[in-house]
Structure formats: structure tokens, C-alpha cells
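Work through the exercises below with the sequence and the model side by side. Try each task before reading its solution.

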Amino acid sequence: MSVTLGLDLGTQGLKLIAWDGEAAAPLFVTGEPLALHEGAGGVREQQAGDWVVAATRCIQRIPAAVRERVVAIGVSGQQHGLVPLGAEGRVLAPVKLWNDTSSEADGRAIMQAAGGRDRCIALAGNPVPAGYTASKLPWTRRHRPEVYAALATILLPHDYLNYWLTGERWMECGDASGTGWLDVRTRQWSDAMLRATDADRDLRDCLPPLVAPDACVPIDPATAEHLGLPRHAVVSAGGGDNMMAAIGTGNVVPGRLTLSLGTSGTLFAHATRFVIDPEARWAAFCDSTGAWLPLVCTMNCTVATEAIAALCRIEPGERDGLVDATAPGAGGVVMLPFLNGERTPDLPLATGSLHGLTPSNFDRASLYRAAMEGATFGLRHGYDGLRDAGLAFDRVRLTGGGSRSAAWRQMVADVFDLPVEVPVESEGAALGAALQALWAHRRLVEPGLALADVVDTHVAIDPTRAARPDPRRRGAYAAAHARYLEHLDAMAPMLVRGAPPS
Ligand SMILES: Nc1ncnc2c1ncn2[C@@H]1O[C@H](COP(=O)(O)OP(=O)(O)O)[C@@H](O)[C@H]1O
Ligand SMILES: O=C(CO)[C@@H](O)[C@H](O)COP(=O)(O)O
């Protein structure tokens with residue numbers, strides 16, 4: 001039996017899956033929560049040291065008989081975070097995360113220096129929203145000058161765990177697409193975007209080499225010993241959580257749409273040709289197979305449902321019942337769920353709001369449904385952009401924490417008017433990381449092995465969690481979606497400006 005480990009460093013927690021490469025089944029699954037520091041002005045940061053503690057706990061919890069058979073490890077991670085490393089490998093500051101909007105003005109300044117938003121898209125395929133890594137660097141230069149001066153290497157969150165495991169610094173093109181510095185057409189760093197970020201420093205010196213998707217690096221022997229893992233284990237390239245979720249949900253061929261309902265909501269496809277949206281309604285990213293992964297990301301998915309559940313004291317076991325007890329449209333309640341600011345649509349300073357309240361709909365069930373609908377409509381917004389690019393879809397593969405909800409699965413089927421499939425393994429990103437590790441390890445002796453072949457054998461669909469669009473609900477959801485867009489348009493001038501200082 002050969003075992004591969006998949007680690008997924010999410011925003012709310014780190015998850016681990018130990019995968020049996022022969023039986024195509026999980027042997028052990030565990031996780032650890034992670035703390036998030038939220039500061040004034042949209043600051044959202046984590047300590048890289050906490051990730052290492054969480055990963056160590058998860059790995060050491062694996063039964064020894066499983067651990068000693070580990071041949072390879074793959075790491076998936078929340079995208080865009082900036083891990084600043086000093087020359088000797090020390091992390092110099094807290095990690096500014098993908099949902100940290102404090103660098104909004106810095107992103108705008110980079111785009112201006114590059115010649116404007118459209119020019120950025122022409123140069124590298126993407127603009128530089130606040131969430132992307134590039135914007136966090138000038139912020140660091142302004143707010144933490146000593147860190148900027150000592151900076152030797154920039155890593156992304158999953159790259160940092162790879163560094164901890166191997167002692168080697170590298171990036172790969174999937175996650176590197178979310179820096180704002182990679183020209184996603186050529187898979188090379190864009191000198192123009194690097195210069196627009198800092199004209200006085202050669203930032204190429206801070207960027208590690210880019211490796212191929214099937215790269216394998218030996219684990220550091222001392223780290224292997226500390227973790228109780230075999231010294232011959234290797235670490236694969238790993239990738240951004242969305243790129244790994246594409247593998248873990250079997251989305252490595254055209255025609256499938258993966259939707260991940262986590263802290264962020266993401267929606268992405270597999271594209272064999274490079275596609276960009278001139279309006280940047282979605283991100284033009286590389287995937288982790290050598291193709292592309294056009295992606296829509298909203299910053300408020302389970303953020304919205306969790307906030308309403310906490311406010312109304314809705315227990316986890318009650319939630320689906322409340323959604324089922326209300327009709328599509330939530331009795332007229334509309335939630336613009338932008339509690340964390342928003343990336344799609346591009347409103348980093350936006351705040352959340354509730355609309356359409358009356359005495360007869362101001363109840364916990366309608367509010368909870370409105371939060372779930374708002375999060376789902378936000379993703380639908382970007383989906384129209386993907387179709388405008390000529391991409392066609394015949395199904396949705398659902399993953400992330402929200403995919404555990406039967407009511408949410410049905411809502412996705414109805415709102416997108418597509419059949420929904422749910423993989424047996426709900427942790428798509430962790431499974432994708434384990435499968436990438438399995439593939440990369442097998443390719444050492446079988447160089448022609450295609451990732452799609454591994455995915456076909458290992459990603460199973462759970463027939464009991466499928467959902468089909470219900471034509472009786474289509475009209476009600478279309479009307480509710482139209483109402484959502486009306487409120488969004490009406491609020492737009494205020495949402496662009498952001499909240500007054502508190
Ligand atoms: N049955 C459910 N209904 C709605 N939300 C759920 C359900 N189960 C889990 N979640 C939510 O999913 C979120 C975690 O999703 P996950 O994909 O693990 O997030 P991340 O990777 O962003 O940390 C939590 O906010 C959790 O409350
Ligand atoms: O910023 C993006 C994608 O561009 C997010 O999808 C992050 O990658 C965080 O993911 P979760 O922690 O919500 O899984």
C-alpha cells in the first residue's frame with residue numbers, strides 16, 4: 001500500500017487526508033482550526049507559524065502504521081497571501097491574506113504605474129485587485145519598512161509549507177497566477193508588472209524558481225524524523241486551493257464547472273486555451289496541469305451564512321430545515337453579503353446590507369435563506385462572464401463546507417440551471433493535493449502517466465448527494481436574482497465609496 005498525504009491550508013482551518021493509492025480511498029482524515037487576526041481598515045492576517053503547528057498536529061495524529069507508508073505529500077493552500085522570508089528563512093511579518101483589503105490603494109497604484117487596468121490585463125492577463133499578492137508588497141514597504149528591507153524571498157501560503165517540509169523555496173504557475181506578477185499566457189514573470197510594483201528594486205531577486213506541475217522534491221530528513229514520516233518521502237509541487245480542488249473534483253477536462261462553497265465562494269473551469277475577460281469579471285489563472293483555470297472568486301460565501309446563523313442563533317442541525325421551510329426569494333428579503341468587502345463584483349470597500357424587510361419576512365428563516373441566496377447569486381454573476389467567453393458547461397461539481405448542505409446543493413442546481421454532482425470526498429482541495437502527490441510520485445517510474453487518468457480512477461461521485469434543476473423553481477429564482485441585481489445597481493455608488501470610518 002502506498003499512501004499519499006494531501007494538506008489543505010484553508011482560511012478557517014488546515015485539513016489533511018491520507019489517501020490509499022491502491023484502494024483509491026481515504027485512510028485517515030483530520031483537521032485543525034486556524035486563528036485569523038482582523039484589524040482596522042480591512043487587515044486580515046495569519047501567523048505562518050500557526051500553519052506549521054496545525055500541519056504538525058495533523059500529521060502526527062495519523063496512525064503510525066499509515067504514516068510509515070507515506071511516499072509523497074502534496075500541499076494546497078489559500079491563494080494570494082504574502083509570506084515574507086528573510087535570507088536565513090525566517091518569516092519576517094504576519095501573512096497578509098487573500099481577503100485583506102487594506103492594500104486596495106496599493107493595487108490601484110500598481111495598475112496606474114503599469115498604464116491602467118486594461119494595460120495590466122494586456123500585459124499579464126489580470127488586473128491587480130486588493131486581494132492579489134502584488135498589492136501587499138507596497139503596503140509592506142509603507143507600513144513595515146524594516147520587513148521590506150530584509151525581504152529575501154516572497155512565498156505564497158502553500159509554498160511556505162513546502163519550504164517547511166523540504167527546506168527548498170519554489171512556486172508553481174497555478175498559485176503564482178494570483179500574485180499579479182505572472183504573465184499567465186507565457187507562464188513567465190512579467191517584468192512590466194514587477195517594475196510597476198517597485199521601480200527601484202529588482203523584484204525578480206525575491207521570486208523563487210517556477211517548477212513544473214509534476215515536480216518532486218525530497219522531504220528534509222530532520223523534518224521527516226520530527227513528523228514520523230519516511231525519509232524517502234517526496235513533496236510534490238502543490239498549488240493554490242482552487243487548482244487543487246479542480247483535481248480533487250475531477251475538473252481537469254473541459255465542460256465541468258467546479259463551485260466551492262467555503263469562506264470564499266469560487267467557481268472555475270478547465271480551459272485548454274488561454275481565455276481572458278476584458279471586463280475582468282473572472283480571473284485568468286493557470287491551472288496545475290499545464291492548462292488554464294478561469295476563476296470567479298467572491299469574498300463572502302459561508303461568511304454570509306455564518307454571520308446570519310450566529311446573529312440569529314441558528315444551530316447547524318436547523319439550517320437546511322429553515323431553507324426548506326421558505327420559498328425561493330426569501331419572501332422578498334435580499335442580502336448583499338459583502339461583509340468582508342468584495343472582489344466579484346470589484347467592490348473592495350463594500351459593506352453588506354439587507355433589503356426588502358417587512359414585518360412578515362423579518363424572521364430568522366428568511367434572513368438565513370437570503371444570506372444563502374446572496375452568496376449564490378454573487379457566484380452566478382461571474383458565471384455569465386465565463387459563458388460570454390464561449391465556455392460551455394453540462395454540470396457543476398460542488399465542494400467546500402457548504403456542499404454538505406442538501407438545501408444549498410438544490411439551490412445551486414436551480415440558480416445555475418445545471419445538474420449538481422458532489423464528489424464522495426467533500427474536501428476537494430485536500431484530495432486534489434493527495435492525488436497530485438500520487439501522480440507526481442508515480443511519474444518517477446511511469447513518465448507518460450497523465451493526471452487525468454489518476455483523477456478518473458480516484459475521484460468518485462456520491463449519487464446520494466446529486467441535485468437536478470427543478471423547473472418549477474427556475475422562475476422564482478430568476479426573479480429573485482433580478483431583484484438582487486437591482487439592489488446591487490442601486491447601492492453601487494455607496495458600495496464603491498465604502499463605509500464611513502467607525
Ligand atoms: N451543512 C452546512 N451548511 C452550511 N454551511 C456549512 C455546512 N457545513 C459546513 N459549512 C460551512 O463551511 C465553511 C467551511 O468551509 P471550507 O470549505 O472548509 O472553508 P475554508 O477552506 O475557506 O476554510 C464553514 O463556514 C462552515 O460553517
Ligand atoms: O482568493 C481566493 C481565490 O482567488 C480564495 O479562494 C482563497 O484561495 C481562499 O480560499 P478558502 O480559504 O476560502 O478556501
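**Exercise 1.** Leaving aside its neighbours within four places in sequence, which residues is Gln 79 in contact with?

Solution. The model is a predicted one. Next, list the partners beyond four places in sequence: Trp 98, Leu 156, Asp 175, Gly 178, Gly 240, Asp 241 and Asn 242. Finally, check the surroundings. A residue counts as buried when 20 or more other C-beta atoms lie within 10 Å of its own. Gln 79 has 30 other C-beta atoms within 10 Å, so it is buried.

**Exercise 2.** Decide whether His 80 is buried or exposed, and list the residues it touches.

Solution. His 80 also has its place in the loop between E6 and E7. Its count is 27 other C-beta atoms within 10 Å, so His 80 is buried. Not counting residues up to four places away in sequence, His 80 touches Trp 98, Gly 131, Tyr 132, Thr 133 and Gly 178. Trp 98 and Gly 178 are also among the contacts of Gln 79. An unreviewed UniProt entry places the feature "binding site" at Gln 79 and His 80.

**Exercise 3.** Where does UniProt place the feature "active site", and what does that residue touch?

Solution. The unreviewed entry puts this feature at Asp 241. In the model, Asp 241 is found in helix H11 (residues 241–248). With 31 other C-beta atoms within 10 Å, Asp 241 is buried. Setting aside residues up to four places away in sequence, its contacts are Asp 8, Gly 10, Ser 76, Gly 77, Gln 78, Gln 79 and Ala 429.

**Exercise 4.** Into which domains is the protein divided, and how many residues does each give to the contact?

Solution. The division is into domain 1 (3–241) and domain 2 (251–422 + 470–502). Their C-alpha centres lie 26 Å apart. Domain 1 gives 24 residues to the contact and domain 2 gives 22 residues. On the side of domain 1 that touches domain 2, seven residues are nonpolar, 13 are polar and four are charged.

**Exercise 5.** Why does ligand 1 lie between the two domains?

Solution. First take the residues around ligand 1: there are 15, and Gly 10, Gln 12, Gly 262, Thr 263 and Gly 401 come nearest. Then ask where they belong. Both domain 1 and domain 2 give residues to this shell, so ligand 1 lies between them. Helix H12 (residues 302–311) supplies the largest share, three residues. By type, the shell around ligand 1 holds no nonpolar, twelve polar and three charged residues.

**Exercise 6.** Which residues are closest to ligand 2?

Solution. Ligand 2 is surrounded by 16 residues, the closest being Thr 11, Gln 79, Trp 98, Thr 263 and Ser 264. The shell around ligand 2 is made up of two nonpolar, 13 polar and one charged residue. Ligand 2 too lies between domain 1 and domain 2, because both give residues to its shell.

**Exercise 7.** What is the order of the strands in the open sheet of six strands?

Solution. The order is E19-E20-E18-E17-E23-E24, and the pairing is mixed. Strand E19 (283–286) and strand E24 (420–421) are the edges, each pairing on one side only. Inside the sheet, strand E17 (residues 256–261) and strand E18 (residues 265–269) are antiparallel and share five bridges. Phe 268 in E18 is the bridge partner of Thr 258.

**Exercise 8.** Where is Gly 290, and how far is its C-alpha atom from that of Cys 173?

Solution. Gly 290 lies in the loop between E19 and strand E20 (292–298). With 14 other C-beta atoms within 10 Å, Gly 290 is partly exposed. Along the chain, Gly 290 and Cys 173 are 117 residues apart, while their C-alpha atoms are separated by 8.5 Å.

Terms used: Residues numbered from 1 in each chain as written. Chains lettered and ligands numbered in written order. Predicted model: local features only at pLDDT ≥ 70, side-chain atom pairs only at ≥ 80, totals over all residues. UniProt positions renumbered as here; feature names shortened; annotations may be inferred. Buried ≥ 20, exposed ≤ 12 C-beta atoms within 10 Å, placed from the backbone. Contact = placed C-beta atoms within 7 Å. Helix = DSSP H or I, 4+ residues; strand = E, 2+ residues; numbered from the N terminus. Near = placed C-beta within 6 Å. Nonpolar A, V, L, I, M, F, W, Y, C, P; charged D, E, K, R; others polar. Domains from an automatic or database assignment. Pairing = 2+ DSSP bridges.
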